[in-house]
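Here is a short report on one protein chain. Please look over the sequence and structure before reading on.

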Amino acid sequence: MRGVNADSHSVTPPAPASATLLSRLAVPAGVLAAVAGAFTYVAAVDPNEPGHYPVCPLLEVTGLYCPGCGGLRSAHAFAHGDLVTALHANAMGVAGYAVFAVLWTVWVVRVARGRPGRFDPGPVQLWTLGALLLVFTVVRNLPYGGWLHP
């Protein structure tokens, strides 16, 4: 039987609440550590210097900016506290950083309170995100969208 000592048939005491809280927060902490590590690397290795990162294949072949073009430069500027340069390099990237921060915080609070920490976007949210990325991509490649070029 689970939780029962076979010799005395007594119930073992439950794990301390702090241990369960720490174990529940392990995954969100790991995700934050991975994101912080990625930002630390991009902050240390400047994407503005050629040869450190691969070139965007869509930009290389077609000359068109994809929604991710300028993302590394945006992350580099953001990590150095230069919000204006980060927005100029990739405005959707900066919006993504903010959305990640909010969703991660909500996740941690829910997990800390013992609630499920799932984020399950529905079709409306996914189609909205896709439409925003499509509009961003189209506008940044039009002549009047030059302010969105990385």
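Phe78 sits in helix α4, residues 71-79. Helices are DSSP runs of H or I with at least four residues, strands are E runs of at least two, and both are numbered from the N terminus. The model is predicted: local features need pLDDT of at least 70, side-chain atom pairs count only at pLDDT 80 or more, and totals for chains, interfaces and linings use all residues. Residues are numbered from 1 along each chain as its sequence is written, and side-chain values use heavy atoms, without hydrogens and water.

Phe78 is partly exposed, at 36% relative accessible area (buried is under 20%, exposed over 50%, partly exposed in between; 1.4 Å probe, protein chains only). Phe78, Leu83 and Leu87 make a nonpolar surface patch of about 250 Å². Patch residues have over 30% relative accessible area and no salt bridge; nonpolar side chains (Val, Leu, Ile, Met, Phe, Trp, Tyr) are joined within 5 Å, like charges within 9 Å. Areas come from the Shrake-Rupley method with a 1.4 Å probe; for residues, only the protein chains shown count as cover.

## Arg140

Arg140 lies in helix α7, residues 123-141. Arg140 is buried yet has no salt bridge (a side-chain nitrogen of Lys or Arg within 4 Å of a carboxyl oxygen of Asp or Glu). The nearest side chain of opposite charge, Glu60, is 15 Å away (Lys and Arg count as positive, Asp and Glu as negative; His and the chain ends are not counted).

## Whole chain

The chain has 7 helices and 0 strands. Buried residues make up 21% of its 150 residues.
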